[in-house]
Amino acid sequence: MSARGPCCGLRPRRQRGAALVCALMLMMAAMLIGISVCSTVFASIASAGAERERSIAHEAAEAALRDAERDIAAASGIVPPARATQFTEAGAASFVDGCGQAGSARGLCLASSPPAWQLQDLADADNPALVPYGYYTGASLATGRGLLPARPPAYLIEKIAPPGAGASLGSFYRITAIGFGSRDATRVVLQSVVRKPPPAPAGGTGPPEAAPPAVQLLAGRIGWREIANWPQLHAQALE
């Protein structure tokens with residue numbers, strides 16, 4: 001009987017040791033699953049926040065494009081007469097290398113290589129070559145709190161001459177606008193091309209056209225794009 005005692009006494013201890021190992025393994029598995037779930041949740045939250053920031057910046061940049069288009073259209077009673085003159089034949093000389101930086105010529109740039117939208121620092125709040133939102137149109141945009149842009153968007157305008165575009169088609173302008181998220185570091189750069197038709201002949205009369213063009217171009221915006229790599233292009237233009 002005494003020989004069987006130690007053998008029978010070892011079995012409970014072995015069973016308790018195996019149960020402890022199993023419990024520890026289950027706890028570790030549960031911890032790993034919990035960490036994985038938390039990592040996924042945090043990654044989703046960060047992704048959603050980044051997308052929200054980008055959406056705010058995108059909407060601000062789009063608002064700046066529309067403001068620039070109103071600027072170019074020079075609607076009576078909205079844009080000051082001195083500014084409206086810049087988008088006529090009389091104001092062609094206001095589009096200069098380096099962009100106008102004062103008065104009614106602010107933000108007006110002559111097409112160059114590299115283009116002004118690469119040479120100019122669009123993210124510089126103190127850049128006098130940029131036109132802040134509403135500067136000429138009087139439009140307002142809430143900024144600086146909550147889920148609003150950190151600061152107003154801005155734009156510049158280049159006068160361009162697309163290949164094959166004669167005077168009969170009017171004038172063409174390239175707008176480049178930058179918008180900001182609720183954090184200043186989040187930025188989106190958008191660009192559009194705008195056509196302004198030639199002025200109608202005085203009295204509404206003039207020589208009839210021999211034949212209308214095969215493709216009718218609309219007035220206003222005729223194309224747009226996002227420049228996702230603007231920081232890199234700006235850095236290369238300054239080298």
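Reader: What makes Arg 54 and Glu 226 a salt bridge?

Author: This is a predicted model, in which local features need pLDDT of at least 70 and side-chain atom pairs count only at pLDDT 80 or more, while totals for chains, interfaces and linings use all residues. Residues are numbered from 1 along each chain as its sequence is written, and side-chain values use heavy atoms, with hydrogens and water left out. A salt bridge requires a side-chain nitrogen of Lys or Arg within 4 Å of a carboxyl oxygen of Asp or Glu. The closest N and O atoms of Arg 54 and Glu 226 are 2.6 Å apart, so the pair meets the definition.

Reader: Why is Arg 54 called partly exposed?

Author: Buried means under 20% relative accessible area, exposed means over 50%, and partly exposed lies in between (1.4 Å probe, protein chains only). Arg 54 has a relative accessible area of 33%, and is therefore partly exposed.

Reader: Why is Arg 83 called buried?

Author: Its relative accessible area is 1%, and the limit for buried is under 20%, so the term applies.

Reader: What makes the pairing of the side chains of Arg 83 and Asp 71 a polar contact?

Author: A polar contact is a pair of N or O atoms within 3.5 Å; within protein, one must be able to donate a hydrogen and the other to accept it, and residues adjacent in sequence count only if both atoms are side-chain atoms. The side chains of Arg 83 and Asp 71 make such a contact at 2.7 Å.
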